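Dear colleague,

I am passing on the structure below, together with some notes on what came out of looking through it. Please read them with the coordinates open beside you.

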Amino acid sequence: MNRDRSWEGNVKARLYERVRARGYDSLTAFAEAYPTASLVALAEELGPDDVAGVQVFSGLVAEAERNNRVTRLVRGQLVRELCDCLPNGWPAVLDDANRFDVAHALGVWIAFTPETHKDRARKVGDALLATQPPPGWRPLGPDDELLLTLLPDEEA
């Protein structure tokens, strides 16, 4: 069994060293190259034994805050959660099993959403449940037309 070393040493330096080694100048650029990959998958790509998904997300939040792109990050994280929990897209019928999968995706997304955007995220979740997207809808990135309508950029 491998020992988890993700919290040893300088986590930030390790993340940026791995991102640069893959040809990206930022963690955001790396993550946006894989817009539907989960945080765990991104972490595995950067280091299966010494990088955790929460570390990737923490770095993404820091970059988004510095660049006034938190709303885009929030949309991107919704894409990741929807792709993870609804691999075949939005269900045609919200029976109990599908409602659970949708609620799970939205719940995890809201949990990851920075405090500054939580109210907006809850409203997006409510809107998606009240007026459901077409069956099979599966956003492939933060610039999805429906997501931009529900959660437009507001940063200066």
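To begin with the whole chain, which is a predicted model, 45% of the 156 residues of the protein count as buried. The fold is built from 8 helices and 0 strands, and the radius of gyration of 16 Å is close to the 15 Å that the globule rule gives for 156 residues, so the protein is as compact as a globular protein of that length. Along its principal axes the C-alpha trace spans about 45 × 45 × 25 Å. Among the contacts between residues at least 6 apart in sequence, 66% join residues at least 24 apart.

The side chains of Arg 18 and Asp 50 meet in one of them, at 2.7 Å from N to O; Arg 18 lies in helix H1 (residues 11–21) and Asp 50 in the loop between helix H3 (39–46) and helix H4 (53–66), so the pair ties together parts that are 32 residues apart in sequence. Both Arg 18 and Asp 50 are buried, and together with Arg 14 they are linked in a network of salt bridges.

Arg 72 forms a salt bridge with Asp 143, their closest N and O atoms being 2.5 Å apart, and since Arg 72 lies in H5 and Asp 143 in the loop between H7 and helix H8 (145–150), the pair ties together parts that are 71 residues apart in sequence. Arg 72 counts as buried because its relative accessibility is 14%, under the 20% cut-off, whereas Asp 143, at 47%, counts as partly exposed. Arg 75 and Asp 153 meet in a salt bridge at 3.0 Å, N to O; Arg 75 lies in H5 and Asp 153 in the segment after H8, so this pair ties together parts that are 78 residues apart in sequence. Arg 75 is buried, with a relative accessible area of 1%, and Asp 153, at 46% relative accessibility, counts as partly exposed.

Conventions:
Residues are numbered from 1 along each chain as its sequence is written. This is a predicted model: local features need pLDDT of at least 70, side-chain atom pairs count only at pLDDT 80 or more; totals for chains, interfaces and linings use all residues. Side-chain values use heavy atoms; hydrogens and water are left out. Helices (H or I, at least four residues) and strands (E, at least two) are DSSP runs, numbered from the N terminus. The radius of gyration is taken over C-alpha atoms; the globule rule is 2.2 Å times the number of residues to the power 0.38. Buried means under 20% relative accessible area, exposed over 50%, partly exposed in between (1.4 Å probe, protein chains only). Contact means heavy atoms within 4.5 Å. A salt bridge is a side-chain nitrogen of Lys or Arg within 4 Å of a carboxyl oxygen of Asp or Glu.
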